[in-house]
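Here is a short report for a reader who is meeting this protein for the first time. Please look over the sequence and the model before reading on.

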Amino acid sequence: MQAIFADVLRRLEEMHQQYFEYMDELSTEELDWSPGPEMNSLCVLGVHVTAAERFWIGLGIDNVSERNRPAEFLASGYELEALKARFTANIAFYREAFAQQDTGRLVEVVDVSHFMDRPSQLVTRGYALLRGLDHTAEHLGHAGMTRQLLERR
């Protein structure tokens, strides 16, 4: 596995472990708890992050997955192990897929609108890989705050 892909994998594993820590020992009802209107539960964050991450990183390695973004924000009723399984499945996929990747393809340009209902957005595969990482990190902060608010309610 080329170094950049090994680094991406390592960082994703670290972030996923932190998501697990924020979700650990919570009941399904607690995972579904939202701090307020227009704020996401840990369940929603887990479903959304895993779907978005798989989409963006998949775009980066030319293996895009289908997703229903609006449905991600309606997610509820997941047990802890089911949420963890989504993160674990992503890592298993990346570990296998990254071993086959060549960094030379990261400069290829793709149009995100071919995969999502949005205006044309040209990005490199390298950008898509980075977007998968930064999006996961962005919502990791939200997950940490949600867990803190849940504990203080």
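## Basis of the report

This is a predicted model: local features need pLDDT of at least 70, side-chain atom pairs count only at pLDDT 80 or more, and totals for chains, interfaces and linings use all residues. Residues are numbered from 1 along each chain as its sequence is written, and side-chain values use heavy atoms, with hydrogens and water left out.

## Overall fold

The protein has six helices and two strands. These elements are DSSP runs, numbered from the N terminus: helices are H or I with at least four residues, strands are E with at least two. Along the sequence, their order is α-α-α-α-α-β-β-α. The radius of gyration is 16 Å, close to the 15 Å that the globule rule gives for 153 residues, so the protein is as compact as a globular protein of that length. That radius is taken over C-alpha atoms, and the rule is 2.2 Å times the number of residues to the power 0.38. Along the principal axes, the C-alpha atoms fill a box of roughly 50 × 35 × 20 Å.

Of the 153 residues, 46% count as buried. Buried means under 20% relative accessible area, exposed means over 50%, and partly exposed lies in between (1.4 Å probe, protein chains only). The accessible surface comes to about 8100 Å². Carbon and sulfur atoms hold 50% of that surface. Areas come from the Shrake-Rupley method with a 1.4 Å probe; for residues, only the protein chains shown count as cover. Among contacts with a separation of 6 or more, 76% join residues 24 or more positions apart. A contact means heavy atoms within 4.5 Å.

## Aromatic rings

How many aromatic pairs does the structure hold? There are seven. Rings of Phe, Tyr and Trp (its six-membered ring) pair if their centres lie within 6.5 Å; planes under 30 degrees apart count as stacked, over 60 as edge-to-face and the rest as tilted. One of the pairs is Phe5 with Phe98, which is tilted: 5.3 Å centre to centre, with 45° between the planes. Phe5 lies in helix α1 (residues 3-23) and Phe98 in helix α5 (residues 80-98), so this pair ties together parts that are 93 residues apart in sequence. Both Phe5 and Phe98 are buried.

Phe93 and Tyr94 have ring centres 6.0 Å apart and planes at 70°, so this pair is edge-to-face. Phe93 is partly exposed at 22% relative accessibility, whereas Tyr94 is buried at 0%. Phe5, Phe93, Tyr94 and Phe98 form one aromatic cluster.

## Charges over rings

Arg54 lies over the face of Phe93, 3.7 Å from the ring centre. The charged end of Lys84 sits over the ring of Phe20, 5.3 Å from its centre. A charge sits over a ring if NZ of Lys or CZ of Arg is within 6 Å of the ring centre and within 35 degrees of the ring normal.

## Salt bridges

The structure holds 13 salt bridges. Each is a side-chain nitrogen of Lys or Arg within 4 Å of a carboxyl oxygen of Asp or Glu. Glu13 bridges to Arg95, with the closest N and O atoms 2.2 Å apart. Glu13 lies in helix α1 and Arg95 in helix α5, so the pair ties together parts that are 82 residues apart in sequence. Glu13 is partly exposed at 30%, and Arg95 is partly exposed at 40%.

Asp7 and Arg10 meet at 3.3 Å, N to O. They are three residues apart in helix α1, about one helical turn. In helix α6 (residues 125-152), Arg147 and Glu151 are four residues apart, also about one helical turn. Their side chains form a salt bridge at 2.8 Å, N to O. Arg147 is buried at 16%, but Glu151 is exposed at 51%. Salt bridges that share partners join Asp7, Arg10, Arg11 and Glu14 into one network.

## Leu140 in helix α6

Leu140 lies in helix α6. Is Leu140 buried or exposed? Leu140 counts as buried, at 12% relative accessibility. Leaving aside neighbours within four places in sequence, Leu140 is in contact with Met15, Gln18, Tyr19 and Tyr22. Leu140 and Phe20 are 120 residues apart in sequence and 10 Å apart in space, C-alpha to C-alpha.
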